[in-house]
Structure formats: C-alpha cells, structure tokens
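Have the viewer open as you read.

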Amino acid sequence: MLPELPEVAVSIVGLMGSQERSEHDHLLASCVMRSNYEGPANILALLANQFEERGHGTLVGLSSVAGERGRATNYIYGSAKAGFTAFLSGLRNRLAKRGVHVVTVLPGYVATKMTEGMNLPAGLTAQPNEVAEAIVLAVKRKKDVIYVRRFWYLIMLIIKLIPERLFKGLRL
Ligand SMILES: NC(=O)c1ccc[n+]([C@@H]2O[C@H](COP(=O)([O-])OP(=O)(O)OC[C@H]3O[C@@H](n4cnc5c(N)ncnc54)[C@H](OP(=O)(O)O)[C@@H]3O)[C@@H](O)[C@H]2O)c1
C-alpha cells in the first residue's frame, strides 16, 4: 500500500535475458517471462483497482514491438511482451468508462543498459529522454498505444504482413 496514490504510474520493468540460454534453461526462460509479463501485470493490476476506486489516474506500461510477432531470435522475451501488451489492452478497455486511462508504450530500440554492446542502427534507436518525453505527451494527450519513433509502426506493419510460410525461413 502506497502512502499516497500517484496520479500517474509507469511500469518500466523488463528483462531481455538471453534467448539462446533460455531455450535450454526453463528457469531462466521463466524468469524472463515473469519479469516481462506476470510481475508488471500484477503490480499494475493492484494499482488499477485503487485508481478505479478513486476514479482517475493513468497507468503506463513499457511493452515492446518484440511482442507484435514471435521471432526466432527473441521469442521468449517477445511472447512475454505480447502477453503484457494484451493485458494492457484489456485493462484499458475495462477502465475506459471508470476515469482511468492506460497507455501502452512500444519503444523500438532504446540506448540503455538493456541494449548495451549491441550494434543498433542509430536512426531506429531512441535515447531514454526521448522515451520519457513521448510518455509525458502520451499521458497528456490520452494516447492508447504509442511507438516512440513512428518509423517503428511501419516496420512492424511490414513484419506483421509477411506470411508465416515465408517468415519462418527468415532469420530475424
Ligand atoms: N532498451 C530497449 O531497446 C527496449 C526496447 C523495447 C522495450 N524496452 C522496455 O523498456 C523498459 C525499460 O527497459 P530499459 O531499456 O530501460 O532496460 P534496463 O535499463 O535494463 O531497465 C529494466 C528495469 O527493469 C528492472 N527489472 C528487470 N527484471 C526485474 C525483476 N525481475 N524484478 C524487478 N525489477 C526488474 C531492472 O532492475 P535492475 O536495474 O535492478 O536490474 C531495471 O530497473 C523494459 O520494460 C524493456 O523491456 C526496452
């Protein structure tokens, strides 16, 4: 129980883990799944009930474009984010008429500890302050789902449109 209920709560918890190691270690896979879905969802669920009772507030969940399609190279993380995205969507629909707003953030690549040492394309990689600014704007404008760099919307649209029989031959 918090001493004072905030107006806005942002869930940033997330763990990339190692896809390769997770494929052979179910405890590690479970840790990635729980850190990206079960944990954040349960904490937001607690806050959601309190916000609902109060009748106002905004909940923000940091999910990922990785949750939009299962890819061979990160489907453990991606599947947990898919669950979290669906949870946020359901929560938003439940609370829409109760004065509580829910924002889903799909950041694309961000230069943080999580992506340290990865060779990411500069044009597709946001800085943490950019993500923070996008979140503030989304809360103010009552956005439902945001991509931090809009180009990611297009990328994911294309990725989602690739037929599965072709997709399974790609190493994405
Ligand atoms: N960086 C990206 O490219 C990227 C892209 C898409 C989405 N995201 C999402 O954006 C959010 C922020 O990530 P970030 O890039 O800022 O990564 P980060 O620097 O690694 O931050 C992740 C945070 O989650 C916490 N965390 C991880 N597992 C936890 C657990 N089991 N219990 C409690 N806390 C836990 C970490 O705590 P500790 O510091 O104590 O480890 C850390 O504060 C995450 O949800 C991530 O999935 C990031």
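**Around the ligand**

Helix H3 (75–95) and strand E4 (109–110) each contribute at least two residues to the shell around the ligand; helices (at least four residues) and strands (at least two) are DSSP runs, numbered from the N terminus. Bear in mind that this is a predicted model, where local features need pLDDT of at least 70, side-chain atom pairs count only at pLDDT 80 or more, and totals for chains, interfaces and linings use all residues. Residues are numbered from 1 along each chain as its sequence is written, and side-chain values use heavy atoms, with hydrogens and water left out.

There are 18 residues around the ligand, and Tyr77, Lys81, Gly108, Val110 and Thr112 come nearest (a residue is near if one of its heavy atoms lies within 4 Å). By type, the shell splits into nine nonpolar, seven polar and two charged residues, with Gly counted as polar and Tyr as nonpolar.

Now for the polar contacts, meaning pairs of N or O atoms within 3.5 Å. Ser35 has a side-chain N or O atom 2.9 Å from a nitrogen atom of the ligand. For Lys113, a side-chain N or O atom is 2.9 Å from a ligand oxygen atom. Ile12 uses its backbone instead: an N or O atom there lies 3.1 Å from an oxygen atom of the ligand. Taken alone the ligand exposes 890 Å², and the protein buries 65% of that (Shrake-Rupley, 1.4 Å probe).

Leu2 and Leu47 are 45 residues apart in sequence, with their C-alpha atoms 9.5 Å apart in space.

Key
Polar contact = N/O pair within 3.5 Å; in protein donor to acceptor, adjacent residues only side chain to side chain.
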